[in-house]
Amino acid sequence: MDYDLFQSDDDEEILTAYLEASQQPQQAATIEQRLDYDNGYEDIDDDQDGAALDVLPEFNCTGRDTVKSQLDFPSNSFVRNGYSLNALPPRSLIDNLRFDFEPKQLKICLVLRYLHGEACKNVQKLCAAVAGQQQLQTKSTANWFAMRQQVTHFYHLLLHEQQTATGQAELCALLQLRQLLNSCLDAAAWRILYFAEHSKGNDCTTPAYHLYHGALEWRLLDLCVQRKLQDQPEAQPSYEAQLSRLLDDLVLCSQLHYRSKQSVQLLHTSAFMCRCSKELWLLLQQQTDFWPRFHCSMQRHKAQLPMDATLSYHEFYAWLRLSVARLATQDGQQLTAEALQTGCLLQQFLAATPSEQQRRVYLCLLAPLQLDADVLCQLWESLHRSLNCQFNQSTQPQLDQLPLTLPSGAAYLQRYRQLLQSGGELEDLNLNSFTLFALLLGKTLGRTQSQKLLGRIFSKFSAAKLLALNECGIHHVIELFLCLLLSHQGDFAELASKLREMLLCLALDKLSVPRRQLTAKGHMALLLLHAERRQPLEDYIGKLLLQLSTIRNDLDVCAIYASCLPTIFELSSPDFGHGEQMLLGPWLTHYLEHSGQAAQERVWQAMHMLCQRLRATSVATSAGGGGMWQALQQHVLPQLRLQYVSGFSSWLPKLAAQFVLLDSSRKLLTSLLQDAEPVNLAASAQLLLQVLELGLQPTAEQLIQVWLKSLVLLQPQHADVRQLTPHILELPEMRTLELTASALESREPLCAFFGALGRRAQQPDAVAHVRMQLSHKLHAYVAHFERWHVESCASRFYNFIAIVIYNCATLAYVRSKPSCFLHVALTRFLLPTQLQAGVAPEARLLPLFNKIFPVLLQGLGRLPYRQDAYLTRTLEQLVLHWTPHFAYTTNAKLVARPYATLLQADAAAGELSQFVLQQLAQQFLSVQRSQPGQHVRLVLSLLQQLIVGLQEATLDAERQLLTLLKAVHVPLLEHIMFVGEHESSRLQVLQLYRLLVAQTLFQRSPEAQAHCCNDLRSLAEKHLAHCTYFYFQMLIKLAELAPQLFTSLFDFVREQALNVELKRGAGEDCGIRKCLQRLQQVLQGS
C-alpha cells in the first residue's frame, strides 16, 4: 500500500483552521456544548465534566489466562469502566486523548481526516512489522505502543464525537479503517498473533503483542461506535457482519490455541489465550442472542476444517463452550442445556466413533455444564453395550490385566461418595468413560427427569444379561447402582429394593470365583447404604446368607462380608432394631475357625466395637440389643473362648473383658481364668487390666492368682505385670502382709510375697485356725498352678515351686490331702513317675534342679519329716533319684554344690544336712557281694568336694565337719570293710580318708577325732566277731594313714579280739593274733 496516500498536502489549510478554532469567542463554546452527545446523552455543561471517565479503557495484558482466574480485570479495562454491547458506552473526557491538538480543535474536519490517516498508517506499520517487512522501519526503535494507542484513541474520538448529525466524512473514515483492519487481519495473520500475550503488559516491545491487543481494542470500539449508530438503516447490517467476523476471529484464535495442547491438558487450560481476550469474550456473551451467534460461528469454523477432523472439532467445541460457559456463570448468568446444545452436539460426537481417550476428555468437558435427561440417555445407550469392556484407553494388552475392582464394599462406597462430592467438575482422566457417565448421572439425577432415566436403565437389565456379565461388567453395574443410590433424592427404600433384587440375580453359586467375590463387594456396599439410611436389613441379610450357604461359606466371600461388619455396626441404630444380629451367624464361626490371624483380629476388633456400643447404650436387654447379645453369646463367645486359649491377638483380652462386663451372672471371668492356660502368657493379666479399666472389681484371690501367674510366666519388668502390681498393693491382703512397692522392687516379687506369707504363718499369734486360713488362701492363690508350666518359662516355674516350698512349706503341705500344693508339685514335677521309673529327665532341667535342690530340701526340712513317713520317703526319693543326674557336668564342684549349699545353710542345727547326707551315704555307699553301687564314684567325688570345701569355710567349719562325719563316716568305713580289695572305690575311699585326716581342721578338732574313734569302737563291737578279717584289714589301712588316731584304740581292739576268742571257745585264733601283731607293727613303725 502507498503510504503517501495518507500524507496531507494542505498543511496550510490545517494551520488556518487551527488558528480560527483557537481564536473563536468564548460565547461559541456554549453552542458546541449543547451539540455534544445528542444520541442518548443528556446535555452536560463543561463544568459537569467531572462525571465523565478519567481514563480511556484499553487492554493491558497480565499474562496467560488460567481456568481458576476470576473476573478481576484491571481498573483501566473496558468491563470495569462500564462498556457493554447491550447499552451505550459511558462518556469519556476528550482531554485524555493523546493527540497534538486541543480538544476543541479535534472537531475540525481536516484534523479528523489527519488523525484518520495517521491511524491507517500506524495499522499498516504494525502489520508490516509483524509480517517481517523490516525495511519499512526506521533505524530508531519504533514506539509500537504509541502507534497502537493512536489508533485506539482515534476510535475513542469517533465514539465521543458520534451524534445524530454525524457527517459523511466521519462515517467514511470509520468504514475505511474497518476495511483496512479486515483486510489485514486474515486467518494467516491471526495464526501469528494468537499467542502474543505477555506478562509485562503494554511495556512489551514486541509489535505482535501490540497488534494483537490493538486489534481486540479496535474491533470492540468499532462495535461500540456501530452500536451508537444502530438507528441508521445502513449501520445494522454492518454491525451484524462485524460482530460475526469478530466471533470468527476469536474462535480461530482459540482453535489455534487448542492445536498447541494435548487432549489431557484441556481440562486444566483456559480456551482464552490471555485475560484481554477473556474480557472481550465476556463483553460478547453478555448479549441476549450470544449463544445462537456462537453456534453459528462454530458451524462456519467447521466448514473450513478437513473432513477427518470431526472428532477434534467436537473436542475443541466442548472445550471452548465450557470456557465461555464458565465465564457466563462467573458473570451470574443462568445457562440451559438448550442454549448450550449439549444434546445434539453429543449425538454428533458419539456418532463419530470416538476413542476411549477422546470420550473421557469430552465427558470431563461436559461434566460442569447443565445436563438434561436426553444427554444422559444418549450416553447410556452408547455405553451399556460395552459393560463387559474395560474401557481401556490403550491398545496394549498388558493394561487389560491391571486390577479394576476395589478391595471391599466399604471402599466402593467411599470412593464413589467422594467422587460425587468432589464438586461440579470431573478432571481425573484415570476414570474410564463409564465411570464418568455414572458420576454425571449421579450429579444430575436430582435435578432432571429421574423416572425417565431410571426406566431407561432398568430396561437394559434382565437376569440372563446380569449373569452374562464378566468382572468388568459387574464392576460397572456396582458403580452405576451406587451412584444412583447415593444421589437419589426420592424414596430410597423403593429404589434400593429394586437395585438389590437386580444384584441378587447374580447368584453366587452360578458365578466364577472372581465374579463371586466382586458381587459380594457390591452387596456389602448396598448393605452399608441400607444401614446408613436405617433401613430394615432382615430380608436382605437373609437372602445374602442363604446364597453364602449354597457355596459352603466360601472363605473369600466370608472375608468380604466380615470386612464390612465394623462399619455396619457403627452405622446401625443404637437399639440394633433393624436385624443386624443376623450378621452374627454360623458363617462367622466358620470364618473364624478357618481364617488367618490377621483376618481374625479384624473380626475381634469389630466385635469389641459392637460390645462397646451395647454397653454404652445399655441395650443388651432390650428387644434389638437383647437379640444382638444372644447372637454374640451363641456364635461369638464359644469361638472367643477357644481363641483366647490358643490365640495371640491383643484384641482377645479386650473382647473377653467386654463379654465379662455384659455377662450378668459374672461367672465368665472365673471360667476364663480357670480354663486351660492361654498360649499368650500375658493374656490373663491383660484380661484383668481391661476388666479393671472398665470399672469391674475382681476378687482378691483372682487378682493375686493372676499376678502370681504373670510373675511366673513373665518377668517382673513386663509392662502388664507392672500395671497390675499397683492394683495388687491396694488389696487388704497385701496390707496384712505388710508388703509395699519398695519391698517388691528390692527383691524378687515372688520371694517377697511368699516370704511375707510364710512369716505371717510363723508369727506367735498365728493360732491353728489362722494358719488354716492362710493355707486355704495360699492354695487359692496358686490354684491350678500345674497349668503354669510352660517350656519357655520352665526356669521361673521351678524356681516358683522352690520358693513356695522354702517359704510356705507348712502352708503348702496338708497331710492326707492329695490336692495340696506340695503333693501336686512332687508328683507332677519334682518326683514324677517317669523319674522314679528310671527315665532320665530333660537335659535342660538338670542345671535348674542342681540349683533349686538345696532350697527344696531346706523347705522340706521345716516340716516334721522324721515323724511323717510321707515326708521321710520324699526326702529319700529326692536324694536317690536326683543325685545321679547331677553328673551331667564334669565339674566336680558343680556336682557337689547342692549338698555343699545345704551343709553350709544347715550348719547351725545340722539335723537336716546330717539326715540328707546319711541317706546319700546309705543309698550309694552300700556294698552288695563285695561290689560297690553304680554311682559310688559320683558320691565319693561329691564327698571329696565337701571335705575340700571345709578348708575354705570360715564360719562353723568345725560344726560342718562334725555333721559330715556323723552322716558318712560309718558308711565309709563299712565300704572299706566289705568292698573287694581290688575295687577302685576302696582306694578312692582311702584317699578320701587320707584327705580328711590331713586337714588342719580335723587335726585341731578333738571332737572330730573322738567321733572317729567312737565310730571305730562301735564297728568293732558290731563286726569284729563275724567279720574279723575285714575289720582288721580296714583298721590296718587306716592306721597306715593316721597312726596317731589309732594308737589309743589298740588296747580296745585287742581286748575285743580276746573276747571274740573267748566267745568262740577254741582258744587262741592264729588269724586274730596275726592281725593284732600286724596292727601293732604298723602303729610302732609309724
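Leaving aside neighbours within four places in sequence, W707 is in contact with V721, L724, T725, I728, M734, L744, P749 and F753. This residue sits in helix α32, which spans residues 700–713. The model is predicted. W707 has a relative accessible area of 1%, so it is buried, the cut-off being under 20%. One of its contacts is polar: the side chain of W707 meets the side chain of T725 at 3.3 Å. W707 also lies 9.2 Å from Y781, C-alpha to C-alpha, although 74 residues separate the two in sequence.

**The chain as a whole**

The protein chain has 54 helices and 2 strands. Of its 1086 residues, 55% are buried. Take the contacts with a separation of 6 or more: 75% of them join residues 24 or more positions apart.

L655 lies in helix α29. Its relative accessible area is 0%, so L655 is buried. Which residues does L655 touch, not counting those up to four places away in sequence? They are W604, M607, H608, C611 and L640. The C-alpha atom of L655 is separated by 9.7 Å from that of L610, 45 residues apart along the chain.

S84 is found in a loop, between α2 (28–35) and α3 (109–131). Is S84 buried or exposed? At 16% relative accessibility it counts as buried, because the limit is under 20%. A polar atom of the S84 side chain lies 3.1 Å from the backbone nitrogen of N86. Beyond four places in sequence, S84 touches L283 and Q286.

**Two helix pairs**

Two packed helices are described by the angle between their axes and the distance between the axes. The table gives both values for two pairs.

| Helix pair | Angle | Axis distance |
|---|---|---|
| α29 (residues 651–662) and α31 (residues 683–693) | about 45 degrees | 8 Å |
| α22 (residues 513–532) and α23 (residues 538–550) | about 160 degrees | 11 Å |

Start with α29, the helix that holds L655. On the α29 side, the contact is made by P653, K654, A656, A657 and V660. On the α31 side, the residues are A683, Q686, L687, Q690 and V691. By type, the residues of this contact divide into 7 nonpolar, 2 polar and 1 charged.

Now α22 and α23. These helices pack at about 160 degrees. Angles over 145 degrees count as roughly antiparallel, so α22 and α23 are roughly antiparallel to each other. α22 passes α23 in a left-handed crossing. Which residues meet here, in α22 and in α23? From α22 come H523, M524, L526, L527 and H530. From α23 come Y540, I541 and L544. The residues of this contact divide into 6 nonpolar, 2 polar and no charged.

**In brief**

W707 is buried at 1% relative accessible area, L655 is buried at 0%, and S84 counts as buried at 16% relative accessibility. W707 makes a polar contact with T725, side chain to side chain. In S84, a polar side-chain atom lies 3.1 Å from the backbone nitrogen of N86.

Terms used:
Residues are numbered from 1 along each chain as its sequence is written. This is a predicted model: local features need pLDDT of at least 70, side-chain atom pairs count only at pLDDT 80 or more; totals for chains, interfaces and linings use all residues. Side-chain values use heavy atoms; hydrogens and water are left out. Axes are lines fitted to C-alpha atoms, for helices over the stretch in contact, and angles run from 0 to 180 degrees between N-to-C directions. Helices (H or I, at least four residues) and strands (E, at least two) are DSSP runs, numbered from the N terminus. Contact means heavy atoms within 4.5 Å. Ala, Val, Leu, Ile, Met, Phe, Trp, Tyr, Cys and Pro count as nonpolar, Asp, Glu, Lys and Arg as charged, and the others, Gly among them, as polar. Angles under 35 degrees count as roughly parallel, over 145 as roughly antiparallel, 65 to 115 as roughly perpendicular and the rest as oblique. A crossing is left-handed if the near helix is turned anticlockwise from the far one by less than a right angle, and right-handed if clockwise. Buried means under 20% relative accessible area, exposed over 50%, partly exposed in between (1.4 Å probe, protein chains only). A polar contact is a pair of N or O atoms within 3.5 Å; within protein, one must be able to donate a hydrogen and the other to accept it, and residues adjacent in sequence count only if both atoms are side-chain atoms.
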